[in-house]
Number of protein chains: 2
Amino acid sequence: MNILHLIKVQRDQLSKAEAKVADEILAAPEEAMNMATAELASRAGVSDPMVSRFCRSVSCNSFPELKVQLAKALAHRASFISEAVSKGDTAHTVIEKRINANQAALEYLRSHLDTQSIDAAVKAMSGARQIIIAGMGGAAAIAKDAQHKLFRLGIPTVAYDDHLMMRMAAAGASSKDCFLIFSVTGRTNAMIEIAELAKQSQVTLITITNPDSPLAKLADITITSGDELEDTTIYVPMTTRIIILTIIDIIATALALAQGPAAEAQLTKVKHSLDTTKRKASAERKTSKNSKP
Amino acid sequence: MNILHLIKVQRDQLSKAEAKVADEILAAPEEAMNMATAELASRAGVSDPMVSRFCRSVSCNSFPELKVQLAKALAHRASFISEAVSKGDTAHTVIEKRINANQAALEYLRSHLDTQSIDAAVKAMSGARQIIIAGMGGAAAIAKDAQHKLFRLGIPTVAYDDHLMMRMAAAGASSKDCFLIFSVTGRTNAMIEIAELAKQSQVTLITITNPDSPLAKLADITITSGDELEDTTIYVPMTTRIIILTIIDIIATALALAQGPAAEAQLTKVKHSLDTTKRKASAERKTSKNSKP
DNA sequence: AACTTAATGTAATAAAATTACACTAATTGT
DNA sequence: ACAATTAGTGTAATTTTATTACATTAAGTT
């Protein structure tokens, strides 16, 4: 946990004077970092030694050490501030801004992803006879990606982007199966309909979607994809995509761990099956050098 | 530029004694951060004031300020060290590790993505009559995602994951088109074959792939996806996926900017077209409250 | 209400960093 | 080649900064 979090959490267990110091730091951490004890003390309205004592209370050995911790915490925070691209931006600026935005999205995920729902999903999927994945529109690519990942782990998995196929799959699913729905908004009527059908089949319904949506309410397990993050303004709403993809990554990794050696063997087998489709590095170099000039 | 970079760059323009200090810091920045001037000075074999002078030379006002700068620089560096998951990991640990790995991948992209090739790709795509996207296996989902993004910008775009369709598309493409190939390894024979066909059609061939691969050599424009990052060991090789997705994001964003108001209008139109497929938040809340208990 | 404990401030001390100054090495012009 | 100037470095003094020791006050307890 970073120092700012720590200070925030411990804030109420500190003594009055220490709390004043805490408040002063939390109010303006960036500035606090560049102050001497004396200045911070006077701003907080306490004596100099209180600052030293405060440092100890938040498990730093000295005030300089606290400054270092603050610097670390703020270094992370700074990169979360991702600005929107604007007209005059060069390619380089766009690159920086989009990478910042995506990193910020991951940082958001770090603090908002619920461990328990991941655990529950992994458990359900781990014991499932088959996994059926559904995603439409922007989520269709995500569904396909998830299918690819899970299938490689040796878990029978299908992905649909066709509404009629989804209906059939949802109606035909059994309680031994897992039904996974990806939806960015959680408000697409067609998708909600599928969820309702799936529920009637007693299948374990897992949704990766906006938690405040009607779709989420139907699910046995809901994993939050940060719909709040999405700036629905003009420029490409992408961050949710990264978040969902990382959620898949996490689930697949956890599943592989849960399956143990079986998954490893399966991955190796699948990987080797591709060997003959690949061109060797050495053979190619000759070819390309001869054919080009 | 972060302080470690700065020190490295300025290293050779410093005086002898200052260079010693620089070397000492570069050798063990983490430790240097927790030393007093006196200790750092003695380790570097110089006098105390040299440390202060060194700080000035690298544009810090004081040694404590340098420490803060170091802390910031190291905070970033630390998060790039992403460990592999291992057997006993809890869900929480897996989450942290995978998020770290993905953030690290983005950081890698930040320093390795070539601005010029992005510029070239955007320019080519911006003037293209249509964009044809091809991706197989793991890249099929990526291709689909890219199609979805570009199509929303009002650019005629198709994506194929079927080899035969790709052949036809590649053979039928014209010099006014862009042919986009996604491939993680750049060594899939089937994909190389498509690239060769596309070349014969005089189409502008853009590949997003491993730059050292045979596929990359065929392309007019190659954008590097970090194949080197991929740990091809057992657990889910995912980082490349995030990288490629972010590259698409960057290109799409830059394209939207390049197209200007036209793209904005198009995005708004496409967005509104989805309105009637969505369930309203207010209407839903009533429904779910009434139907549940 | 007296006593005990915790919390805070004042003053003193210790630690750390920087400045001032002196000396040395290097460079340049005659 | 040698003086003269300049840049570089170390020593010692000073200043700034942080911490400790101790006294005082406030809060809580029997």
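Before you colour anything by class: Ala, Val, Leu, Ile, Met, Phe, Trp, Tyr, Cys and Pro count as nonpolar, Asp, Glu, Lys and Arg as charged, and the others, Gly among them, as polar. This is a predicted model, in which local features need pLDDT of at least 70 and side-chain atom pairs count only at pLDDT 80 or more, while totals for chains, interfaces and linings use all residues. Residues are numbered from 1 along each chain as its sequence is written, and chains are lettered from A and ligands numbered from 1 in the order in which they are written.

**Stop 1: DNA strand C.** Select the 19 residues around DNA strand C (C-beta, placed from the backbone, within 6 Å of the strand). A:Ser15, A:Lys16, B:Ala36, B:Ser52 and B:Ser62 come nearest. By class you get ten nonpolar, five polar and four charged residues. The largest share, four residues, comes from α5(B); helices here are DSSP runs (H or I, at least four residues), numbered from the N terminus.

**Stop 2: DNA strand D.** Of the 19 residues here, pick out A:Ala36, A:Ser52, A:Ser62, B:Ser15 and B:Lys16, which come nearest. This time α5(A) gives the most, with four residues.

**Stop 3: two helices in chain B.** Now show α10(B), residues 163-172, and α11(B), residues 189-200. What meets α11(B) from α10(B)? Look for B:His163, B:Met166, B:Arg167, B:Ala170 and B:Ala171, which meet B:Ala190, B:Ile194, B:Leu197 and B:Ala198 (C-beta atoms, placed from the backbone, within 7 Å). The contact residues divide into seven nonpolar, one polar and one charged.

Terms used
Axes fitted to C-alpha atoms, helices over the stretch in contact; angles between N-to-C directions. Contact = placed C-beta atoms within 7 Å.
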